[in-house]
Amino acid sequence: MDWKFLEGLLSGVNKYSTAFGRIWLSVVFVFRVMVYVVAAERVWSDDQAHFDCNTLQPGCKNLCYDYFFPISHIRLWALQLIFVTCPSFMVVLHVSYREERERKYQAKHGADRHLYDNPGQKHGGLWYTYLISLLLKTAFEITFLYLLHSIYDSFKLPRKVQCDVSPCPNLVDCYISRPTEKTVFTYFMVGASVLCVVLNVCEIFYLITIRLVTLKKRGLVHTSSIMKVRRNLD
């Protein structure tokens, strides 16, 4: 997977993010992408090769591994990182759409005329796009955490599992390679994901609060203008 391409795309998102969004982006790259690329992939690289069962029955080992690991942690985390970063591109596309409209407007009415004060400012439709992207990121994070826990029944990997699926001749014991190390990485990645959820929720409340404060100020200004008009009429 080309993580450098993903990093280049998300760098554009950073320009239009709030302070919480920039912290979220740092957490994603430092504590998730970097850990995934540098360490996690190597830890899980030999998981199937070193999955040992106390039987020589052909096919038993492979089917037991597939039964207990229907999808690898490492592949599930790769999908999670893709899904949680994709909604941010909605903001970049919306800003690009605004910039294109601005370019066409200036070409028609002159370079001194502006359709937007700042195409990247989170007002109007862009505010809703940004909020929707946060809601989607939060939903994807929670969904993948639920999937990881439901597939493996826990975030902790056991040292030994017992399997009796066909063609195993009876109940066989199977042993997972480096379960303690994999458990540590699992908890670390889960913790980073939870931190990202907290940051997304904080940013959602921040956006809504700023929006309400702005609307309240506009309402006060509008009310003040009406009162002045009435006093002049009187």
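UniProt positions are given here in the numbering used for this chain, with feature names shortened, and such annotations may be inferred rather than shown by experiment. The model is predicted, so local features need pLDDT of at least 70 and side-chain atom pairs count only at pLDDT 80 or more, while totals for chains, interfaces and linings use all residues. Residues are numbered from 1 along each chain as its sequence is written, and side-chain values use heavy atoms, leaving out hydrogens and water.

**View A. The segment at residues 42-75 carries a UniProt domain label.** The unreviewed entry places the feature "domain: Connexin N-terminal" here. Over residues 42-75 the chain is 41% helix and 6% strand; helices (H or I, at least four residues) and strands (E, at least two) are DSSP runs, numbered from the N terminus.

**View B. Glu 141 and Arg 32 form a salt bridge.** Their closest N and O atoms are 2.6 Å apart. This pair links distant parts of the chain: Glu 141 sits in helix H6 (residues 125-152) and Arg 32 in helix H2 (residues 19-43), 109 residues apart. A salt bridge here is a side-chain nitrogen of Lys or Arg within 4 Å of a carboxyl oxygen of Asp or Glu, and the whole structure has 3 of them. Both Glu 141 and Arg 32 are buried (buried means under 20% relative accessible area, exposed over 50%, partly exposed in between, with a 1.4 Å probe and protein chains only).

**View C. Glu 100 pairs with Arg 103 within helix H5.** The salt bridge spans 2.5 Å from N to O. Both residues lie in H5 (residues 88-109), 3 residues apart, about one turn of the helix. An α-helix has 3.6 residues a turn, so residues three or four places apart point the same way. Glu 100 counts as partly exposed because its relative accessibility is 32%, and Arg 103 does so at 47%.

**View D. Helix H5, end to end, has 22 residues.** From first C-alpha to last, H5 reaches 32 Å, close to the 32 Å expected at 1.5 Å a residue (that is, 1.5 Å times one less than the number of residues). Look for the buried residues of H5, among them Phe 89, Val 91, His 94 and Arg 98.

**View E. Glu 181 meets Arg 178 in a salt bridge.** The N to O distance for this pair is 3.5 Å. Glu 181 is partly exposed because its relative accessible area is 31%; for Arg 178, also partly exposed, the value is 35%.
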